[in-house]
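Please keep the structure in view while reading.

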Amino acid sequence: MPQMYMRLFAREGDNRIGVFVIDRRKFIPGAPIKGQACRDYFYGKDGRTERALGDIEGHAARIFGVVVRDRRLPAACSQDHEWLIFYLGMQHARTVGAAEQHNEGSEKVAKSILRTKAELEGNSAIVEALDRVRIRRTNAVSELMGYTTIGASLLADLKLVLVENCSVVPLIASDTPVVFHNRLYEGQHISVTGYANVGLQLFLPLGPRLALFGFDAAAYEVATDAREIVQLDDPSDVELINDLQWEAAHAVLLTGPDMPESLLQASAAAWAALRQRERTIFREAVVEQSDDEMRTRHGSGAAPSAVTLDLSFVRCILPQPEPLGAWDIPPFRDADRVARVDRMFEQMDMLDELRRR
């Protein structure tokens, strides 16, 4: 977690924030920023990724400084807007939670393929062994960040506004602070928070009293003032936004040092059972089968959110969609943009293949 981001939750001139360790249900109201929500060599040992991220964070720190001071976001299509969009995508991909989700999905697909093959061959030893082994990608974070360098551009058409928290409940963040949701497609049995999906919403707390909110402007109407700022007075709205952080968090929550511990403990009790569920869902279907061959189809993605995000300042303006089929996905906001990004991914894969030869 970037230190420049965590400072948004500290008092001015101080380097301490509140940290809530979820598994231990322990609150540390004055934890030093240095050393929080980080791992040694998380991006590799050569230092190149850290240096590149440092440059991105420098731009983001400057932009956030203006946002917090002036309550003003970069103009759409400006260079600072592009830096902000890129940072949002990179921050979403660079967390332990994102890496674990990527690993979990890959493991489920790999084990399903191996199990089917072993069952067809009558190899019961492999079938039994699969439940005792873990399959992990060696470079999950690097893969995710590689995808995001291109895929973040799919977020560029989201409308961005600020949410000013005037309620008695402070905003919190987590070690996975950029959170996606989709109020329009809530209740579906599959992930509905792809970067290009209709109805996408994005949340990033910028301290206890401010948050960034991105949304599909064709799907939602958002009540703002003349400065395009949401004035948030209802504590139940803040609690819902905080619930998104509880759901997304990997290990810790970040708060201001004055956060009432009683609020955290109450939420910890409410989320204890919900956080035990798997982070990814897996689907499998037999496409074709003969005496000596079987073709299957696999898919994995983020598990649907348990949060019903009924925010008072957001109104859905698209009709309620029909339930999605087993292999359906929500439609794209901009199919042409998706096609361009897909071509860029294909070119990236070709370059990777050439490098491996």
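The sections below describe a predicted model.

## Aromatic pairs

Eight aromatic pairs occur in the structure. One of them joins Y5 and F9, whose ring centres are 5.9 Å apart. The angle between the planes of Y5 and F9 is 65°, and the pair is edge-to-face. Both residues are buried: Y5 has a relative accessible area of 1%, and F9 has a relative accessibility of 2%.

A second example is W83 with F86, with 6.5 Å between the ring centres. Their planes meet at 65°; because edge-to-face applies to angles over 60 degrees, this pair is edge-to-face. W83 and F86 both belong to helix α3, which covers residues 79-93. They are three residues apart, about one turn of the helix. W83 is partly exposed at 23% relative accessible area, and F86 is also partly exposed, at 21%.

## Helix α8

Helix α8 runs over residues 261-271, and its buried residues are L264, A268 and W271. These three span an arc of only 75° around the axis, so they lie on the same side of α8. The face turned away from that buried side carries S262 and A270, both of which are exposed.

What covers the buried residues of α8? The cover includes two strands, β1 (16-21) and β2 (26-32). Also included are helix α7 (235-248) and strand β10 (252-255).

Is H250 buried, partly exposed or exposed? Its relative accessibility is 29%, so H250 counts as partly exposed.

How far apart are H250 and S174 in sequence and in space? The two residues are separated by 76 residues in sequence. In space, the distance from the C-alpha of H250 to the C-alpha of S174 is 7.7 Å.

Definitions and conventions
Residues numbered from 1 in each chain as written. Predicted model: local features only at pLDDT ≥ 70, side-chain atom pairs only at ≥ 80, totals over all residues. Heavy atoms only, no water. Phe/Tyr/Trp six-rings, centres within 6.5 Å; stacked < 30°, edge-to-face > 60°. Buried < 20%, exposed > 50% of the residue type's maximum accessible area, 1.4 Å probe, protein only. Helix = DSSP H or I, 4+ residues; strand = E, 2+ residues; numbered from the N terminus. Arc of directions from axis to C-beta. Contact = heavy atoms within 4.5 Å.
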